[in-house]
Amino acid sequence: MISQANCTATTPMGATLLSDQGLPGGGATFRAWAPRALAVYVNGVFGGVSRTGQTSNLLLAKDANGYWSGFLPEAADGDPYHFYIVGAGSQGTKRDPCARELANDPAHPFPLCAAVLRAANAYP
């Protein structure tokens, strides 16, 4: 399972850089609400390395209220990512509804595009 470092009950939804949370160091937390999901994974390109698939090192942890969270120390501003959600009847890639930016990729136009990890202060 993905690290739970820097994750608490007040971790913001979506992907949030540690600097946006007032915490020292690099990386980002990821949080999604999917109470009926069987598993939620974070996939993307983090620190220049593609990390995809439904493997234990990308699996977010679920709490009692249906929130899934995790921390990736190599995640940085500008990294594209998405959630992969496994449900009882279906599974697939899902955009982060709390994303600050969506990727502009002609090969994967909206609504199939990835989210982009951005600092909260990057926008006026």
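## Overall fold and the setting of threonine 11

Residues 24 or more positions apart account for 58% of the contacts (heavy atoms within 4.5 Å) with a separation of 6 or more in the protein. This is a predicted model, in which local features need pLDDT of at least 70 and side-chain atom pairs count only at pLDDT 80 or more, while totals for chains, interfaces and linings use all residues. Residues are numbered from 1 along each chain as its sequence is written, and side-chain values use heavy atoms, with hydrogens and water left out.

The protein contains 0 helices and 10 strands, where helices (H or I, at least four residues) and strands (E, at least two) are DSSP runs numbered from the N terminus. Values for the protein as a whole are set out below.

| Property | Value |
|---|---|
| Span of the C-alpha trace along the principal axes | about 40 × 35 × 25 Å |
| Accessible surface (Shrake-Rupley method, 1.4 Å probe) | about 6600 Å² |
| Share of that surface on carbon and sulfur atoms | 56% |
| Share of the 124 residues that count as buried | 40% |

Buried here means under 20% relative accessible area, with a 1.4 Å probe and protein chains only.

Threonine 11 lies in the segment before β1 (14-17), and this residue is buried, with a relative accessible area of 2%. A polar atom of the side chain of threonine 11 lies 2.7 Å from the backbone nitrogen of threonine 8. When residues up to four places away in sequence are not counted, threonine 11 touches Asn6, Thr29 and Arg31.

Notes. Buried < 20%, exposed > 50% of the residue type's maximum accessible area, 1.4 Å probe, protein only. Polar contact = N/O pair within 3.5 Å; in protein donor to acceptor, adjacent residues only side chain to side chain.
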